[in-house]
Amino acid sequence: MKLQTLVSTPQLQKITIDDEAIVEKYGEEIDFYIYDRQDMDTYMSLATLGEDTSISAVAKVVSKIILTEDGNRILEDNQQLPMDMMLKVVEETVKHLGNSMTQTSNK
């Protein structure tokens, strides 16, 4: 296999928060996007998070990779989501990244 066969442009993937409590509180499902591939800085930031990592450290990394449908960052440095929403965004993002198939898989 040639290395260039594994090259592709990252694609936005939609994540929907459909948690019953969130939908009840905010009135509808919440959508956001992340890229299916992350750059090396982001990958290393995520890879170095250990079991003893605080939720705030995880949220800091996740806040940089949650995007709009146009690929723009949702949160700028001085912006915050409501705490219940941020916890759910972190949970869904980590779950999605953790369950993603290997990027070299043909399946």
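View 1. Helices here are DSSP runs of H or I with at least four residues, strands are runs of E with at least two, and both are numbered from the N terminus. M40 counts as exposed because its relative accessibility is 57%; exposed means over 50%, buried under 20%, and partly exposed in between (1.4 Å probe, protein chains only). Together with Y43 and M44, M40 makes a nonpolar surface patch of about 350 Å². Patch members have over 30% relative accessible area and no salt bridge (a Lys or Arg side-chain nitrogen within 4 Å of an Asp or Glu carboxyl oxygen), and nonpolar side chains are joined within 5 Å. Areas come from the Shrake-Rupley method with a 1.4 Å probe.

This is a predicted model, with local features needing pLDDT of at least 70 and side-chain atom pairs 80 or more, while totals for chains, interfaces and linings use all residues. Numbering starts from 1 along each chain, and side-chain values use heavy atoms, leaving out hydrogens and water.

**View 2. Now for the largest nonpolar core, with its 14 residues.** Such a core is a set of buried Ala, Val, Leu, Ile, Met, Phe, Trp, Tyr and Cys residues joined through side-chain atoms within 4.5 Å. I66 is among those with the most contacts inside this core. Skipping neighbours within four places in sequence, I66 is in contact (heavy atoms within 4.5 Å) with residues including F32, L75 and V89.

**View 3. Here's E29, in the loop between α1 (20-26) and β2.** E29 counts as partly exposed, at 45% relative accessibility. The C-alpha atoms of E29 and I17 are 5.7 Å apart, though twelve residues separate them along the chain.

Technical notes:
Patch = residues over 30% accessible without salt bridge, like charges linked within 9 Å, V, L, I, M, F, W, Y side chains within 5 Å.
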